[in-house]
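Hi everyone, thanks for coming. Please have a look at it on the screen.

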Amino acid sequence: MKKKAIIPFAVFIAGLCSIIYELLISTTATYFLGDGVRQFSIIIGVYLFSMGIGAFLTKFLKDKPLIFFINVEYLLGFIGGISVPLLYMLFVYVSPTVLQISCLAIIFIIGMLTGMEVPLLTFALEDSNIKNNLSNILSLDYIGGLIATLIFPFIILPFVGLYYSSLIFGIVNILLGIILNYSMLKDKKSNSIYGFLVIAVLLTLVVLGGRFLEVWDQKIYKRPIVLNEQTPYQKIVMTKNSDDVRLYLNRVIQFSSSDEYRYHESLVHVPLAMHSNPKRVLILGGGENLASREVLKNKKVQQIDVVDIDSTMFHLAKKNPYLKDINQNAALNDKVNLIAEDAFTFLFNNDEKYDIIIADLPDPTNQAIARLYSKQFFLMAKRNLKKDGVFVTQSGEIYFSNTVFSCINNTLKSVFETVEPYHTYIPSFGDWGFIIARNGNSIREIDMNSLPKDLKYLNLNQIEQTFVFPQDIKIAETKLNTLDNPIILNYFLDDWGKWKADFQTGTK
């Protein structure tokens, strides 16, 4: 390959791989440490800072820039390639603080090596024609970065996964060094042997990847895994131990089949019993269709729209034998419409009114979910309700995460005239909170005749008790959660940060 062709090619591949590493590490850190905005912000900042240091250091490497560039590719390919497998291993064995420091150390090294690439190639250019076209060539670095950001969410993450992606792009980096070695150096063998040795190491990790991930997953979930799938939105894992089936999204437990009925009966039948004629019901989240299973028990309901951002959950709800058994084929019922869309976007664009809106959404563990508990979100929910409509949302653990529970309650009060919290003890989660809201007078008007006869948990006495709170559970004073100031995310991290040293929590 001629020098005029190899240099632009090298710049393009270098730009592509470096951005992929940054995205891989940021995503991995978000999965393991939470708070995506914080992780991406810190990691990008360290990455850019270290690139500057790398660019500065290249002035001491002017004597043999091409050899140094090739060696940088070998080292960058090795560090970038093992970055995700290393973080996976560290997650199991070290504390979150050590894991955070490790993420930053890895991205610092990758950024520093990345910062060396373009300056070293520039020093290596001796042909004046290439130098005159340097601006055109360097633009390929940014094009490579653009392509990386486009293929990462649509191809790399859902179809390849984090573990294999880092190894594959590490090999690509090293192959680039080998190609440059054989195309532009006279002594072709002595330097290329290092590249082949590193490729052998990464290929070994690729071959052993299935076994490694299987062992890693078992250490994390501690139960036999019957489903393990990565989608563009989340990692879906299902475990089965005896009769207990558990669903995890991004390692966070969503339900245990042994007690999920307590959660879903409380979430669904309390608001349904407070409406005289609930014909149209909207469920936000709940793609596994356990909430819709409960709604279908109310014979007055004629239409159920389930809105979940991840269409894979709908596919599993209809096809997976474990989920089908638990949701009693609710996803296949003619009354149920499955809508693959973001809940916020759906409420914004929807014009039809509902009698009941049920928010069966995850806890506000990151910025994207925090907006689903914002004042603006609740205003849109109110707009989508009929005049006598009822809104309910799950609101998290009321003791260990009382500030989050209180923030949701206070934010709802700024939107609805009548707001009332209730709670239910769920062994898999804890003492779990819900908040029901609507316009008008008191909502404590329960039609017991509307309760299905085949419920496992709820009865008249239990419903009355759900609105009674212990003396040590109070609604705290909090700021309102808004799109502009998603304070609930800070509350969530602070609440659970107080207890994480004592136990590993599962959140909805």
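A word on the ground rules. This is a predicted model, so to speak of a local feature we need pLDDT of at least 70, and side-chain atom pairs count only at pLDDT 80 or more, while totals for chains, interfaces and linings use all residues. Residues are numbered from 1 along each chain as its sequence is written, and side-chain values use heavy atoms, with hydrogens and water left out.

Let's begin with the whole chain. Along its principal axes, the C-alpha trace spans about 90 × 45 × 45 Å. The secondary structure comes to 19 helices and 11 strands; these are DSSP runs numbered from the N terminus, with helices being H or I of at least four residues and strands being E of at least two. Of the 508 residues, 55% count as buried. Buried here means under 20% relative accessible area, exposed means over 50%, and partly exposed lies in between, with a 1.4 Å probe and protein chains only.

Now the domains. The assignment gives domain 1 as 5–220 and domain 2 as 259–505, and such bounds come from an automatic or database domain assignment. Their centres, taken over C-alpha atoms, are 43 Å apart.

How many residues of domain 1 are in contact with domain 2? There are 5, and they meet 6 residues of domain 2. Together the two domains bury about 370 Å², 59% of it on carbon and sulfur atoms. Buried area is the accessible area (1.4 Å probe) that two parts lose on being put together, summed over both. On the domain 1 side, D35, V37 and R38 supply 74% of the area buried against domain 2, more than any other three residues. By class, that side has 1 nonpolar, 2 polar and 2 charged residues. For the classes, Ala, Val, Leu, Ile, Met, Phe, Trp, Tyr, Cys and Pro are nonpolar, Asp, Glu, Lys and Arg are charged, and the others, Gly among them, are polar. The count of salt bridges between the domains is 0. A salt bridge is a side-chain nitrogen of Lys or Arg within 4 Å of a carboxyl oxygen of Asp or Glu.

Next, please find helix 19, residues 487–497. Its buried residues are I487, I488, L489, Y491, F492, D495 and W496. What covers them? The cover includes helix 15 (367–370), strand 9 (385–397) and helix 17 (402–413).

On to the salt bridges. Side chains of opposite charge can pair when their charged atoms come close. The structure holds 10 salt bridges, and I've picked a few.

One joins E352 and R280, at 2.8 Å from N to O. E352 sits in the loop between helix 14 (343–349) and strand 8 (354–360), and R280 in strand 5 (residues 280–285), 72 residues apart. E352 is partly exposed at 48% relative accessibility, whereas R280 is buried at 12%.

Another joins R371 and D342, at 2.6 Å. R371 lies in the loop between helix 15 and helix 16 (375–383) and D342 in the loop between strand 7 (336–340) and helix 14, so this pair ties together parts 29 residues apart in sequence. R371 is partly exposed at 25%, and D342 is buried at 15%.

Then there is K386 with D355, at 3.4 Å. K386 lies in strand 9 and D355 in strand 8, so parts 31 residues apart are tied together. K386 is partly exposed at 32%, while D355 is buried, with a relative accessible area of 3%.

There is also a network of salt bridges, linking E260, R293, E294 and K297.

Finally, let's visit D308, in strand 6 (residues 303–308). Is D308 buried or exposed? D308 is buried, with a relative accessible area of 11%. Its side chain reaches the backbone nitrogen of G287 at 3.0 Å. Leaving out residues up to four places away in sequence, D308 touches G285, G286, G287, F314, I339, A340 and E341.

Conventions
Contact means heavy atoms within 4.5 Å. A polar contact is a pair of N or O atoms within 3.5 Å; within protein, one must be able to donate a hydrogen and the other to accept it, and residues adjacent in sequence count only if both atoms are side-chain atoms.
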